[in-house]
Amino acid sequence: CPPQSLLEILAYLSAALSVSGAAEASGKSIRLVLIASAGKLTKAATSPGADISVALTQSMEAALNTNKQTIMASVAEGCARVSVQLRDKSKTRATLSAVAAPTILRARSALDAMTSSSTVEGSGQAAGQADAASQALASYLGVIRELVRFCDGSSSRGRAGDSHILSDVLTAAWPVLNDISSHPTCRANEAVLSGLLDVHSQLLSVVPALIGPYFKDLVTFVVKAYEVSFCPSALDYVSAAVESFDSEESIGVAAGLDENGKDLIFNQLLAHLSQCTFTYVTQTKRPNECPQLIKALFEMAQRYLLFCPGALCQCPEFSSLFGLAVACLVECKGEVESTRATLIFITQLVGWKHIRLPDAKMAKLTQFAGGIDNLLAQHGEAITKACLGGLSGGAPQMLWPSCSECIFSITQHIISSTPDADAPNSVLCTWLRTAMIEGSLVANTKNITPEIGTSVIKILCDLAKEGTKSKQKAKMALMDFGKIAKGEASTDVLLAYSTA
């Protein structure tokens, strides 16, 4: 299909966006056409006088006119994917700027409508206008996020000294983003605040050097917003920051932070956010009432473990954070996303010796190995009971792999740390036996006999002695234990795991 025909197809699909019954399908089709034909369209753009930015901008404006977030996001993705493939980076910058311009303009109008409506008290019409404006503003922030997101990975291409392809977009959008963050009405609106924080998270990942100089101010805004809203996106932003500072040296330089300064600011940040969250989940909402917040909290904690372990282990709230994680295994009542995030954090922290990390991070964790072992000694029995209880009917089957991996991580860590690996660890065996046989968390105790429990403990310990290579087999054995407990499998399935 020649480029001119592709442009005609785009024009046809853009016109179809105005037909309510065809809008969703047309938006998806525009995205697919742009992605599949990006190469042809960018080649056509190299012709003298050719400019695909007009076609892309018209498609983006047609998507904005639908006022449907999914359609806007689909078209924004397609436009970004085509733009980043242009060989001339000045054309890429100009095209992205042209595509983003209508969204930025509408975001400014929506912000003005929100702020003016907030000054009118007691008017139902004004409240309706404010709601409509806030929904629109959140959608426009989603478009900006998608445009930024799909420019990831393109910053390394181009000649040395070139401006980043998003520099013009950022210059145009930054005043609007700043005004949104400074207005109380926007900070109090969860959809707008989440949209704004999502944009900033993407900017951290894609243009770290450009964001670095503003990082301290952004962190101050994020913390203040979290103190009021407890919006999960605030914790997602910190997660993105921890990862970006580890993977992108340029952002640390731009922010004026050396390694010690980075550890200090992230240590203080984790301590404060943890304290705020502890207060919230004990005085305002229980963990099962705010699962997205719990999910964001322990995803953030896991990022700290992987990318900034020194700040995590030296945090004054470290032990309390771990204690909350253990409590959430029960408190979240089997909610999948929050429980899974919590289990992953506990699993990787306990099994830190067996995850792949750079030598410097392993050395840092080695310094705090004693503290981690103390936390496991204090909470190991509760974790084991929660995980085996989950396998035995207390959690959805989607969580079984995470529960099984957590149990294996504990078993492997204790066995690998025991001087005589052939001798059974009495504490570990007590935890497992109590949870499997004597504990009240096993839903179908009539299906679990002492002999079955003893067999599973032996299988698990034998596989843990073989190291990480046996992790998958151990997880399957534990999940079969869960099936036995529920009456869905016979004890014969355990014969497959007997080791020589």
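This note goes through the fold, the surface and the cavity of the structure.

1. The model is predicted, so to speak of a local feature a pLDDT of at least 70 is needed, side-chain atom pairs count only at pLDDT 80 or more, and totals for chains, interfaces and linings use all residues. Residues are numbered from 1 along each chain as its sequence is written, and side-chain values use heavy atoms, with hydrogens and water left out.

2. The protein chain has 25 helices and zero strands; these are DSSP runs numbered from the N terminus (helices: H or I, at least four residues; strands: E, at least two). Its C-alpha trace spans about 80 × 55 × 50 Å along the principal axes.

3. Of the 500 residues, 53% are buried (under 20% relative accessible area, 1.4 Å probe, protein chains only). Among contacts (heavy atoms within 4.5 Å) with a separation of 6 or more, 74% join residues 24 or more positions apart.

4. The accessible surface (Shrake-Rupley method, 1.4 Å probe) is about 21,800 Å², and carbon and sulfur atoms hold 52% of that area.

5. One cavity of 30 Å³ or more is present. A cavity is a set of points on a 1 Å grid over the protein atoms alone where a 1.4 Å probe fits but cannot get out, and lining residues have an atom within 4 Å of a point. The largest cavity has a volume of about 50 Å³, volume being the space filled by probe spheres set on the points, which are joined across faces, edges and corners.

6. Which helices each supply at least two residues of that lining? They are H7 (124–149), H8 (167–182) and H10 (190–206). H8 gives the largest share, four residues. The lining includes Ile144, Leu170 and Val199.

Key
Buried < 20%, exposed > 50% of the residue type's maximum accessible area, 1.4 Å probe, protein only. 1 Å grid on protein atoms, 1.4 Å probe; cavity = no way out; pocket = protein on both sides within 12 Å on 5 of 7 lines; lining within 4 Å.
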